[in-house]
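I am opening my notebook on a new structure.

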Amino acid sequence: MKLRIKALILASIIMIFGMIYLVYMMFHFRNTDQFLQETPVIMIEGLGIEKFIADIIYVKEKDSLHYTVELKEEFMNLSTFEQFGLFHLFCKQFRFKMMYTDQMDQLVHEDLYITAVYKDEVFEYEVIVSNKQTKVLNTNATLIVNNESVYTESQFMDEAEVQLEKIGVEYVNGFSDSEIIEFARRMFRLVTVDGKDIEELKNSLRLVTNAVMEEFGITLEEYTKIYKKYYLFVHEKTN
């Protein structure tokens, strides 16, 4: 009799915890969907690319992240390098948003697809994660226009380096921005596994930023401009 009572109590406890877990998972997935639907819309204005993008919609898929985008005419006036750069900027910052949002970091290793349309023109931007089983995040991006691959990430990086050389070195508080960014890179490698371990990456970015600001006596806004120039290839003139 006692054993039967104990068994009933144990079964009840298991059932209660099971229900709690089920409710948690339902809330979590609803929260995830909300994040994936709303965050990109907010980011478009935050990144200053709303003049190129009219709308963005999350398309729910099982093993990847997919968005459909309605483009504005201004996007068609950009060069292929600039078009790729716009998608590159959005996707890179979107992954950072995932890393810094509770319970969303598991999405970082998902492949990301953007299908963007302007009239009869179809742009597909694919970001493929090469190894989803490791903490190291390696991606490869391709821009496809009307079913034809027109630009790759390696081409973009090569052209970006050329553009950086044209802009040249700029100075902040008496220090060259190249010296500042190199210091940041060294700090980054010191506090992470060569800057690629996702868990350590989340915790180290603020540490590196604070170290740079203290070392060179610059503001967060000044360092952000340098970071955008060398990592996102977005140039804003420094004061």
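Which side chain does K229 meet in a salt bridge at 3.1 Å, N to O? I looked it up, and the partner is E170. For a salt bridge, I take a side-chain nitrogen of Lys or Arg within 4 Å of a carboxyl oxygen of Asp or Glu.

A note on the source: this is a predicted model, where local features need pLDDT of at least 70, side-chain atom pairs count only at pLDDT 80 or more, and totals for chains, interfaces and linings use all residues. Residues are numbered from 1 along each chain as its sequence is written, and side-chain values use heavy atoms, with hydrogens and water left out.

Entry: the K229 pairs. K229 also meets the side chain of D177 in a salt bridge, at 2.6 Å, N to O. K229 lies in helix α7 and D177 in helix α5 (residues 177-191), so this pair ties together parts 52 residues apart in sequence. I read helices as DSSP runs of H or I with at least four residues, and strands as runs of E with at least two, numbered from the N terminus. E170, D177 and K229 are linked in a network of salt bridges.

Entry: burial. I checked K229 and found it buried, with a relative accessible area of 3%. E170 is buried too, at 15%. Buried means under 20% relative accessible area, exposed over 50%, and partly exposed in between (1.4 Å probe, protein chains only). Helix α7 covers residues 220-232, and its buried residues include Y223, I226 and Y230. F233 follows α7, and its phi is positive, near 60 degrees.

Entry: the whole search. I found four salt bridges in the whole structure. One of them joins the side chains of E182 and R185, at 3.8 Å, N to O. These two are three residues apart in helix α5, so about one helical turn separates them. E182 is partly exposed, at 30% relative accessibility. R185 is partly exposed as well, at 26%.

Entry: the largest cavity. Which residues line it? I listed I53, I56, V69, L86, F87, F90 and I114. A cavity is a set of points on a 1 Å grid over the protein atoms alone where a 1.4 Å probe fits but cannot get out, and lining residues have an atom within 4 Å of a point. α3 gives the most to this lining, with three residues. By class, I counted seven nonpolar, no polar and no charged residues. Nonpolar here covers Ala, Val, Leu, Ile, Met, Phe, Trp, Tyr, Cys and Pro; charged covers Asp, Glu, Lys and Arg; the others, Gly among them, are polar.

Definitions and conventions. 1 Å grid on protein atoms, 1.4 Å probe; cavity = no way out; pocket = protein on both sides within 12 Å on 5 of 7 lines; lining within 4 Å.
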